[in-house]
Amino acid sequence: NLKIAVIGGGSSYTPELIDGFIKRAHELPVKEIYLVDIEEGKWKLDIVGELAKRMIKKAGLDTEIILTLNRKEAIKNADFVVTQIRVGGLKARAKDEIIPLKYNVIGQETTGPGGFAKAIRTIPVILDICREIEELAPNAWLINFTNPAGIVTEAILRYTNVKAIGLCNVPIGMVKMVAKILNVESSRVKIDFVGLNHLVWGQKVYVDGKDVTRRVIEELCDGASLTMKNIPDLKWDKAFLESLAMIPCPYHRYYYMMEDLIIQEKEAVSSGKGTRAEQVMKIEKELFELYKDPKLDIKPPQLEKRGGAYYSDAAVSLISAIYNDKKEIHTVNVKNNGAVSGLPNDVVIEVNAVVDKTGAHAITLGELSPKIHGLIQEAKAYEQLTVEAAVTGDYGIALQALIMNPLVPSVKVAKQLLKDILNEHEEYLSQF
Ligand code: NAD
Ligand code: G6P
Ligand code: MN
Ligand code: MN
């Protein structure tokens, strides 16, 4: 009987996760779910925690929901730990999104300099959590949802002994959206994913084992929608997409359509719509008002306004695949271990992996097409340097990380960005 610890339990995504455990209760016997947060998040934890209890009751389960600010109590002897924290909250995210725009650079929470800032704030906290897991629950699996998920997972696997798997809802979201485009059940769709988190390509798409990649590309060229709630649905260039002959993920727009996305972001700010962080602040307010209603006992559909759709499907089905030794394929962030040639073994990639009770094992792909290989290598170098900067607090490494980021144009801009990031987030960056 399982003990689950959710760090950042006050998240508005928690009902999504609880819904996932309810749907899989027949294959996953969960005795206790500890929802843990920090003092600042206590009011959210209380509201969303009570909703979680009502959801469990409504489902007729006897899983116990425990709300606590005591992280060690939550982690002790846990079988699975899920991390979904936001160090600095949405206020810090708003800064990550606005600072780069000053220099005409993409302002986004996970991609570009915003993702760098989020990583260096988050990695020290996550490594603290991992020390507690090493001590109090050494056999636990850590499912890391905390962004930037690929970089954070790489820090965990490099600097701790925790068994960790990084998770993003983009791959499962792409499967569902492609299924919708093709008008088939999503269980019939398989995509060969490879890349990094928020930089993942579908190399081939299959329906019932038949290669339908060309058809999906045609549909996308004809304007079919494939994006996340937090990313503008700009259409792909036809000549580009046809010659790429793969399916880019929604986040690729920041790389392949950089100027257009910068214009969109600036327009959102000047029109008063606000950065995505500011939009999410409003959505969150609505959500927590709904969650307070004692009559609400299911995951409310309004949660779909957030980018994290299908998070519960991804997370709980992954936990079940480990627990039940399913040998199922999941798209996750794991060590490369030779799966992709030309990348070190110990870096984290986002890739299809076979999941069993010993973990997630990346499927070997060998050499990648030069159409995608160079961008992966450059972004990975940025990620490696970011992890090192977060741990050491070394100014020079941080500068090199930003320079290596594909969205940062020059040393001059990198230095300005770094200065602003270190200033604006000083209270979370004691390592520098
Ligand atoms: P949120 O702002 O609601 O934060 C979640 C909780 O974390 C809050 O209740 C907050 O109090 C708590 N928290 C903040 N600092 C903490 C700390 N130092 N220790 C413990 N708890 C802390 O954020 P959210 O919108 O629920 O997102 C949570 C995380 O999940 C973010 O990092 C976000 O980027 C990420 N996310 C990932 C994906 C993915 O695809 N991997 C999708 C959506 C969100
Ligand atoms: C998904 C991504 C997440 C991201 C989130 C943003 O697209 O996979 O990693 O953080 O949505 O959603 P939000 O609603 O917070 O803007
Ligand atoms: Mn993601
Ligand atoms: Mn560059």
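Let's start with the core. The largest nonpolar core holds 101 residues. Within that core, Phe 21, Ile 33 and Tyr 291 have the most contacts. Keep in mind that this is a predicted model.

Take Ile 33. What is Ile 33 in contact with, leaving aside its neighbours within four places in sequence? The partners are Ile 4, Val 6, Ile 18, Phe 21, Thr 63, Glu 64, Ile 65 and Ile 66. Ile 66 leads on to another group. There is a second, separate core, this one of 53 residues. Its members include Ile 66, Ile 85, Val 152 and Ile 397.

Now the metal. Which residues coordinate the manganese ion, ligand 3? Cys 168 does, through SG, and His 198 does, through NE2. The distances are 2.2 to 2.4 Å. Look at where the two residues sit. Cys 168 is in the loop between strand S6 (163-166) and helix H7 (170-182). His 198 is in the loop between strand S7 (189-196) and strand S8 (199-207). So the pair ties together parts that are 30 residues apart in sequence.

Are these two buried or exposed? Buried means under 20% relative accessible area. Cys 168 is at 7%, so Cys 168 counts as buried. His 198 is at 4%, so His 198 is buried too.

Last, the surface. Ile 329, Ile 363 and Leu 365 make a nonpolar patch there, of about 230 Å². Ile 329 belongs to strand S11, residues 328-335. Its relative accessible area is 53%, and exposed means over 50%. Therefore Ile 329 counts as exposed.

Conventions: Residues numbered from 1 in each chain as written. Chains lettered and ligands numbered in written order. Predicted model: local features only at pLDDT ≥ 70, side-chain atom pairs only at ≥ 80, totals over all residues. Heavy atoms only, no water. Donors = N, O, S within 2.8 Å, 3.2 Å for Na, K, Ca; no water. Helix = DSSP H or I, 4+ residues; strand = E, 2+ residues; numbered from the N terminus. Buried < 20%, exposed > 50% of the residue type's maximum accessible area, 1.4 Å probe, protein only. Patch = residues over 30% accessible without salt bridge, like charges linked within 9 Å, V, L, I, M, F, W, Y side chains within 5 Å. Areas by Shrake-Rupley, 256 points an atom, 1.4 Å probe, with all protein chains shown as cover. Salt bridge = Lys/Arg side-chain N within 4 Å of Asp/Glu carboxyl O. Core = buried A, V, L, I, M, F, W, Y, C linked by side-chain atoms within 4.5 Å. Contact = heavy atoms within 4.5 Å.
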